[in-house]
Amino acid sequence: VFLGNGPSGICLSYLLSGNIPYFKRDSLHPHPILQRKLEEAPDVSILDQDLEYLSEGLEGRSHSPVALLFDTLQRPDTDFGGTAESVLTWWHETNRAIPHLVLGRNAPGGAWHSIEGSMVTLSRGEWMGLPDLLFKDWLKQKRRGLRNNRATAEDIAQYYQHYVMKKGLQKNFRCGTVVISVRKVRAESISNHAQKDLQENSDSLSNFHEKSMEVFQVDGFFRTVKGDKEPFSIYAENVVLATGTYDSPTWLGVKGENLSYVHHQLSALEEAVKNNNIGIMSDPVLIVGAGLTAADAILFAHHCNIPVIHVFRRRVTDPGLIFNQLPKMMYPEYHKVHQMMKEQSAACGGPYECYVSLPEHHVLSFSKDKKCICQDKNGYQKVYKISMALVLTGSNPNLSFLPNNGIDLAMDSDQPVNPKRNPIDVDPFTYECTQEKGLYALGPLAGDNFVRFVQGGALAVASSLLKKANKNPP
């Protein structure tokens, strides 16, 4: 059972449906050592090879060796602007399929359906694609090209839905499901009917009754077309957590943050503009945060001529700031925001109207009369009259369905799971949780935050599950 039907879940479903990647004969990978390794066993699928050996020595924009491996096999020289073809060929081997269910709240594509449709992705369009169906080829069918090599969120959401249909995966997907709890139970404690189901769907349960084996019980409910909730319980040997991180926005934890004019999602600004609640003559919108969502909010407000006060804790030159890591040519709009942040601080004024930057500041409180108190690094405080506030400082995964909110699974088991600071602790070559065998974590939960890199995790999980199920060729 997989929890989450975003790109991680879709990619894993493709691999477990008997779609097996092999090295394409006569293809040439630009990495000579990897090429030599791939030529050593061309008849053995990538899933059945030693992923640690293949990925050794690879470097790139991810900390995960398997993510780098799968990425470079599909897009060999993409980081250098090249367009070399994938060195993989895909074979459909039905005898190697593993029965599975993909549970998700929305349509396939996960959180991509919750993002404002016209938003342009950070990643280049071709990096959003899934195995064996190029995103740009799909876009061509829509008679559209990529704007500046980038795609809109709506395109991505539609592509993921199309991918599931095109690859015949829809039978594995259950949309409109909400999972309430995942816990381990002893196999003998579940009903005979459920035991029979488990045995039929499993190859490794032949000694099911001999050992006091443990399985996962997944409880939740389906939302029916009428809006009713139908409860379900599913038993599975393995559970894959692929729920992403879009669930609960981070709060600052300051006084007045729960007032009605303080929001934690960009959509609130779009809604306010659409309903004419704010406009050119309004008091400024306060935007808190220095990531890409905050930048998107600034661009949107700028486009609508709405005045903005921008508060963030870091220095503008901080190398950890995402803007200092993006190539200017590829991301002109984010470069523009960074320029505004640098040139338009409240201290010195600058060329941009309707925008004031407050670097190295933080919010102290919000009051009922729409006033916000901000403090700088020297302790100096100032009051601003605003029309609304958007706190866009990231989001956290919702793992309330796991015992102790999944904290015991994290790298630091004293802190909540956080994709950037405290991901779930997984084996780098199987993505199985080190603290709970049979439980796997993919995507942002395991620290992989870009679509192009979540797919390596799916490769690792598929390889591990095939070995467990003994569906490996001799």
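Let us start with helix H1, where Pro7, Ser8, Gly9, Ile10, Cys11, Leu12, Ser13, Tyr14, Leu15 and Leu16 are buried. Keep in mind as you look that this is a predicted model. H1 spans residues 7-16, and ten of its ten residues are buried, so the helix is largely enclosed by the rest of the structure. Here buried means under 20% relative accessible area. If you follow the chain just past H1, you come to glycine 18, which takes a positive phi of about 90 degrees.

Next, let us look at how some helices meet. Helix H4 covers residues 65-74, and helix H11 covers residues 451-468. The two pack at an angle of about 110 degrees, and their axes lie 7 Å apart. Because angles of 65 to 115 degrees count as roughly perpendicular, H4 is roughly perpendicular to H11. On the H4 side of this contact you will find Val66, Ala67, Leu68, Phe70, Asp71 and Gln74. They meet Arg452, Phe453, Gln455, Gly456, Leu459 and Ala460 in H11. Sorted by class, the contact of H4 with H11 has seven nonpolar, three polar and two charged residues.

The crossing of H8 past H9 is left-handed. From H8, the residues Leu269, Glu270 and Val273 meet Ala297, Phe300 and Ala301 of H9. This contact of H8 with H9 is made up of five nonpolar residues and one charged residue, with no polar ones.

Three strands form an open sheet in the order E17-E18-E19, and their pairing is antiparallel. Strand E17 (361-366) and strand E19 (381-385) stand at the edges, each with a single partner strand, so one side of each has no neighbour in the sheet. On average, neighbouring strands of this sheet are turned by 30 degrees against each other, direction ignored.

To see the pairing in detail, follow E17 alongside strand E18, which runs over residues 371-376. These two strands pair in the antiparallel sense over five bridges.

Notes:
Residues are numbered from 1 along each chain as its sequence is written. This is a predicted model: local features need pLDDT of at least 70, side-chain atom pairs count only at pLDDT 80 or more; totals for chains, interfaces and linings use all residues. Side-chain values use heavy atoms; hydrogens and water are left out. A crossing is left-handed if the near helix is turned anticlockwise from the far one by less than a right angle, and right-handed if clockwise. Helices (H or I, at least four residues) and strands (E, at least two) are DSSP runs, numbered from the N terminus. Contact means heavy atoms within 4.5 Å. Ala, Val, Leu, Ile, Met, Phe, Trp, Tyr, Cys and Pro count as nonpolar, Asp, Glu, Lys and Arg as charged, and the others, Gly among them, as polar. Buried means under 20% relative accessible area, exposed over 50%, partly exposed in between (1.4 Å probe, protein chains only). Two strands pair if DSSP finds at least two bridges between them. Axes are lines fitted to C-alpha atoms, for helices over the stretch in contact, and angles run from 0 to 180 degrees between N-to-C directions. Angles under 35 degrees count as roughly parallel, over 145 as roughly antiparallel, 65 to 115 as roughly perpendicular and the rest as oblique.
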